[in-house]
Amino acid sequence: MAVIEGGTTGNLSEVGAAAAAGQHAILKPTDHGALGHYRIAATSGTVAAGLAAAGQVFYVRWTDATRLMVISRVKVSFQPLVLFTAATVTDFGFDMFKATAVSAGGGGTDLGGLVKTRMRTSGMGASLTDTAGLMRIASTAALTALTTLDATAIAQSVGDTQRVNPAAATEEQRVNDPTLLFEADMGRGEYPLVLAQNEGMVIRNRAVWPVAGTGIFQVEMAWSEVTAF
């Protein structure tokens, strides 16, 4: 039988069949020190028809030299406002990419200067992303592209197939489809997306939009800011 002891206490846990009892633990989020855990939810403007393929609609940049941004969850939803014409779009999917050696970027609505929601108001510092230019969402068109993206996406979505509306001669797209969800299951050993200095995360659409369709995006993101991970 093995015994686990604390630095200032006696036996804390017995490993083996001594008492055949379960071990109880209190699970808590990643230690954040003087920094914290944060969330943001943001909605784009009405993105106009003709959005280019691989158009970037959301990004976040990390510029701090000594701390890390640990992204645990990203959800992206889409809602059409003006329906797309028949048989012109077959893929409403999104892609999520990690960006390295970040340069360029701009346009859209700047979310960087907003004070991000702290998951516990007292005891957590202001987010290091509370700086203009570090987080943007599309307004009426794609953002100025953030570079350089990895060769492959780390999360994707595929929307439901459109169906023809004979009366209106248009395609019908289900509201909020497609939805992209990145959710790192750290309890099962899955690693979150960790950003170091001059790295970022980008959401982009996959297919070019036709001239007769518009829509809005909604992005929700949860992350922590830490000194080591």
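I take a salt bridge to be a side-chain nitrogen of Lys or Arg within 4 Å of a carboxyl oxygen of Asp or Glu.

I note that the model is predicted, that local features need pLDDT of at least 70 and side-chain atom pairs pLDDT 80 or more, and that totals for chains, interfaces and linings use all residues. Residues are numbered from 1 along each chain as its sequence is written, and side-chain values use heavy atoms, with hydrogens and water left out.

**Entry: count and network.** I looked up the salt bridges and found 8 in the structure. Among the residues concerned, R39, R73, E183 and E220 are linked in a network of salt bridges.

**Entry: E220 and R39.** I found the closest N and O atoms of this salt bridge 3.9 Å apart. E220 lies in strand β17 (residues 214–226) and R39 in strand β3 (residues 36–43), so the pair ties together parts 181 residues apart in sequence. Strands here are DSSP runs (E, at least two residues), numbered from the N terminus. R39 is partly exposed at 31% relative accessibility; I use buried for under 20% relative accessible area, exposed for over 50% and partly exposed for in between (1.4 Å probe, protein chains only).

**Entry: E183 and R73.** I found a salt bridge between E183 and R73, with the closest N and O atoms 3.0 Å apart. The pair links distant parts of the chain, 110 residues apart: E183 is in strand β14 (residues 179–183) and R73 in strand β5 (residues 68–82). E183 is partly exposed, at 46%.

**Entry: D95 and R206.** I found their closest N and O atoms 2.6 Å apart in a salt bridge. D95 is buried at 4% relative accessibility, whereas R206 is partly exposed at 24%.

Note on methods. Helix = DSSP H or I, 4+ residues; strand = E, 2+ residues; numbered from the N terminus.
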